[in-house]
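Here are my notes on the model, point by point. Please read them with the structure open.

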Amino acid sequence: NFFYDLVKLFLIKFTIKSSKNKNQSNAIYFHSLSSNLIEENGECYDRHFSQSPYLDLNNNYETIYLVTILPSLVDIKNFLNYINTLKRKLKLLNRNYEIMNTHLSAALIISLYFNLFKKWGVINKELLSLSKTKLFEINNVDFGDILVNEIEKSFFGEIQNSLLYGLSFKSFFLKKGATNKEDIVLTYGENLSPVRPVYHFSKISGGKIKFISIQHAVNNRNKIGNYHGQSDFIKDDKFNFSLIPDYYLLHGAQSAKITADFYPKSNMEIIGCLKYDKFRSKEDFLKSKKERVTKIIGSRKDKKILLITPSVGDHEELISVFRAQEKLKGWRIILSLHPAISVFKVREFIRNTDLNNSIEIFSDLSSVELFSVSDLIFCGYSSSIYEALVFGKKVVQYSEMKTLPLFEPDEKIPFFEGKDQFWEWFRRYESGFESDFEGVAEHIEKQYFYKFDGMAASRLWAFIGSMKS
């Protein structure tokens, strides 16, 4: 990671620049990750913020994007193509943007790694000593080696990434300089641990900075990164906003109930989901996408489409279910990958499982676009399951539960823990059994997404306006 971070910094600094931002007194900041920038119909937007940043002028603000570039190793190897695509997207944002990576330096990276390496030596020595005691035993099973291994992994990449992430923000706000004006930064980092240094270092930079986080995906108590103990954020009997966003804007009642376990209710508000504002008419949206999607994937009226939509980490489990290809006569299998998953690695896995000619991947199409032509959607951890249901699609959820699942099964959604169980249901489904899907869409929309009225962005800006009063 040390050499990767240095090479990444060098390449980014010498190939891409921030736009020429003026010192705008009415600026409002939207923090985006480069992997979430979507190019569509000659425009570019962050898939989580959707079109909401472009209501800025109507609300007497001017949006500036704070973009953190996150190239993968594959992107580094094909950096020229990667950076040219990114430059085109940034230009299409039609707003000023700041490249946050450029606020780091090689000296800072070297110093950070050196100091953490010294700290690791001290901590590792202490951990090895403690692991020989019974402090890490549960029911006479010693978990000391697992604990030491997990802490070691965090010291060799994860901690450095988080700290550099936060320090880039500190450097930006220090260069910008403190003013009497309160700077507002919108993010979708929520309470995730890698983002906490962003909150902390920004707030010690000297300026008046408030962070508003939107909820970026469906949360539940099994997603440990999103569900916390309230004591994690308490300092001197008060919430420590150096570690968490100042305000938290949520999709719906389901998330609000969970979040209230650890976050102050007074700083929460339900606004709905920004990325669904453009789907004001679900039927019109699906119809508008179907023509383009059909042109790309081709039309085969003799076959139905089963869409697999994995999240990060469960694609192998989901793909493996379909080794029994003879059970899927009359169906096409299309795989829609999460942006963080390597297409190259997935194609390699498919080849190794003898499914090379059976599973199709269309990287230029999003899951939501593919919903328009899908007859059945097969999900694991992905929150796209809820999106599909709201669009009235038939969806099933699958997890073999070998580890703690990253979701909480909803009693309204068909859920399977084993291949035999799924295929038994599938045979009934093919024979015309569809009662499992009755009333599911209405339940999901009400509990998970508040309202499907195209007004979430308006509620966001109304909330920002209320901060002035």
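1. In what sense do strand 17 and strand 18 pair, and over how many bridges? Strand 17 (residues 376-379) and strand 18 (residues 395-398) are parallel partners, joined over three bridges. Cysteine 379 faces glutamine 397 in strand 18. Strands here are DSSP runs of E of at least two residues, helices are runs of H or I of at least four, and both are numbered from the N terminus. Two strands count as paired if DSSP finds at least two bridges between them.

2. A word on the source. This is a predicted model: local features need pLDDT of at least 70, side-chain atom pairs count only at pLDDT 80 or more, and totals for chains, interfaces and linings use all residues. Residues are numbered from 1 along each chain as its sequence is written, and side-chain values use heavy atoms, with hydrogens and water left out.

3. Six strands build it, in the order 16-15-14-17-18-19, with parallel pairing. Strand 16 (359-361) and strand 19 are its edges, each pairing on one side only.

4. Look at phenylalanine 415. This residue sits in strand 19 (residues 415-416). Is phenylalanine 415 buried or exposed? It is buried, because its relative accessible area is 19%; buried means under 20%, exposed over 50%, and partly exposed in between (1.4 Å probe, protein chains only). Glutamine 397 is 18 residues away in sequence, yet 4.7 Å away C-alpha to C-alpha. Beyond four places in sequence, phenylalanine 415 has contacts (heavy atoms within 4.5 Å) that include Gln397, Tyr398, Met401 and Phe407.

5. Strand 2 (residues 37-40) and strand 3 (residues 43-46) pair in the antiparallel sense over four bridges. They form a hairpin with two residues between them. Asparagine 41, in the turn, has a positive phi of about 50°. Glutamate 39 stands opposite cysteine 44.

6. Now the nonpolar cores. Each is a set of buried Ala, Val, Leu, Ile, Met, Phe, Trp, Tyr and Cys residues joined through side-chain atoms within 4.5 Å. The largest has 53 residues, and Leu90, Leu186 and Ile464 touch the most other members. Helix 15 (residues 456-466) gives the most to this core, six residues. A second, separate core of 31 residues includes Val293, Phe362, Ile413 and Phe452. In soluble globular proteins, nonpolar side chains tend to be buried together.

7. Leucine 186 deserves a look. Beyond its neighbours within four places in sequence, leucine 186 is in contact with residues including Ile28, Phe49, Leu460 and Ile464.

8. The structure holds three cavities of 30 Å³ or more. On a 1 Å grid over the protein atoms alone, a cavity is a set of points where a 1.4 Å probe fits but cannot get out; a pocket is an open set with protein on both sides within 12 Å along at least five of seven lines; lining residues have an atom within 4 Å of a point. The largest cavity has about 60 Å³ of space. Among its lining residues are His48, His216, His251, Cys273 and Lys275.

9. The second largest pocket has about 200 Å³ of space. Its lining has 14 residues, with Lys290, Ser299, Arg300, Ile305 and Val373 nearest the centre. Helix 8 (282-297) and strand 14 (304-309) each supply at least two lining residues. Helix 8 gives the largest share, three.

Conventions. Points joined across faces, edges and corners; volume = space filled by probe spheres on them.
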